[in-house]
Amino acid sequence: KRFLLTSLNSQEKERLRVMIRHLGGVYIDSPNFVESCTHIVLGKPNTGEKYMGGLITGKWMLRTEYIFASYEQDYWVEEEQFEWGSDNITRGMPDTDAELAKLSSAARRCRLRYNAEGPFHSWTTVILSNHPRRQECYERLFKAGGGRVINIQEYKRRHNELTFILVDNPDQTN
């Protein structure tokens, strides 16, 4: 099992890292989505790169309690009851947290519907952004989902292969 952690403070990450290694898992220390991970443990669903990458590639998206329960048993327990989007998670959410409920339910739905080709397998995309970090993030996500990303110079030669152009809106950037 290979883990990415996100939406957690540094003390929580360190505590979980120790538990993951104790159980024989691999902790991947990266600020970005890493396709080789098998599980993503997060404080709560969000629209960050790791969560979106996990959705795109059908990874297990788990609450921190999964690691705690496994550590307590000294072996990896079944993931399903700790999965974001499982019935026992969404049932307890307040009605006022509709956005969290939508993001949460997407985790389970995407894992169950995932196929090896990926959701972008037939896409050829040009990504236009003035922000290199965001450009790299979009490229990682499209490629992880099976898409092909071409640069603007390639577009001039291969424009008839293009299926999508993603334009990062400069009015909404930081």
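Student: What should I know before I start?

Tutor: This is a predicted model, where local features need pLDDT of at least 70 and side-chain atom pairs count only at pLDDT 80 or more, while totals for chains, interfaces and linings use all residues. Residues are numbered from 1 along each chain as its sequence is written, and side-chain values use heavy atoms, with hydrogens and water left out.

Student: How many helices and strands are in the protein chain?

Tutor: Helices (H or I, at least four residues) and strands (E, at least two) are DSSP runs, numbered from the N terminus. Here there are seven helices and seven strands. Along the sequence the pattern reads β-α-β-β-α-β-α-α-α-β-α-β-α-β. The C-alpha atoms fill a box of roughly 60 × 35 × 35 Å along the principal axes.

Student: At what angle do α2 and α6 pack?

Tutor: Axes are lines fitted to C-alpha atoms, for helices over the stretch in contact, and angles run from 0 to 180 degrees between N-to-C directions. Angles under 35 degrees count as roughly parallel, over 145 as roughly antiparallel, 65 to 115 as roughly perpendicular and the rest as oblique. For α2 and α6 the angle is about 15°, and the axes lie 9 Å apart. The two helices are therefore roughly parallel.

Student: Is the crossing of α2 and α6 left-handed or right-handed?

Tutor: A crossing is left-handed if the near helix is turned anticlockwise from the far one by less than a right angle, and right-handed if clockwise. This crossing is right-handed.

Student: Which residues of α2 and α6 meet?

Tutor: Contact means heavy atoms within 4.5 Å. From α2 come Glu49, Met52, Gly53, Ile56 and Thr57; from α6 come Cys137, Arg140, Leu141 and Ala144. For classes, Ala, Val, Leu, Ile, Met, Phe, Trp, Tyr, Cys and Pro count as nonpolar, Asp, Glu, Lys and Arg as charged, and the others, Gly among them, as polar. This contact has five nonpolar, two polar and two charged residues.

Student: How does α2 pack with α5?

Tutor: α5 spans residues 98-113, and its axis is 8 Å from that of α2, at an angle of about 35°. The crossing is left-handed. Tyr51, Met52 and Leu55 of α2 meet Leu103, Ser104, Ala106, Ala107 and Cys110 of α5. The classes are seven nonpolar, one polar and no charged residues.

Student: At what angle do α1 and α3 cross?

Tutor: The axes of α1 (residues 10-22) and α3 (residues 65-73) come within 10 Å and cross at roughly 45°. These helices are therefore oblique to each other. α1 passes α3 in a left-handed crossing. Arg15, Leu16, Met19, Ile20 and His22 of α1 touch Ile67, Phe68 and Tyr71 of α3.

Student: What volume does the largest pocket have?

Tutor: On a 1 Å grid over the protein atoms alone, a pocket is an open set of points where a 1.4 Å probe fits, with protein on both sides within 12 Å along at least five of seven lines; lining residues have an atom within 4 Å of a point. The largest pocket has a volume of about 290 Å³. Of its 13 lining residues, Asn32, Glu49, Arg133, Cys137 and Arg140 are closest to the centre. α6 gives the most to the lining, with five residues. The lining divides into two nonpolar, five polar and six charged residues.

Conventions
Points joined across faces, edges and corners; volume = space filled by probe spheres on them.
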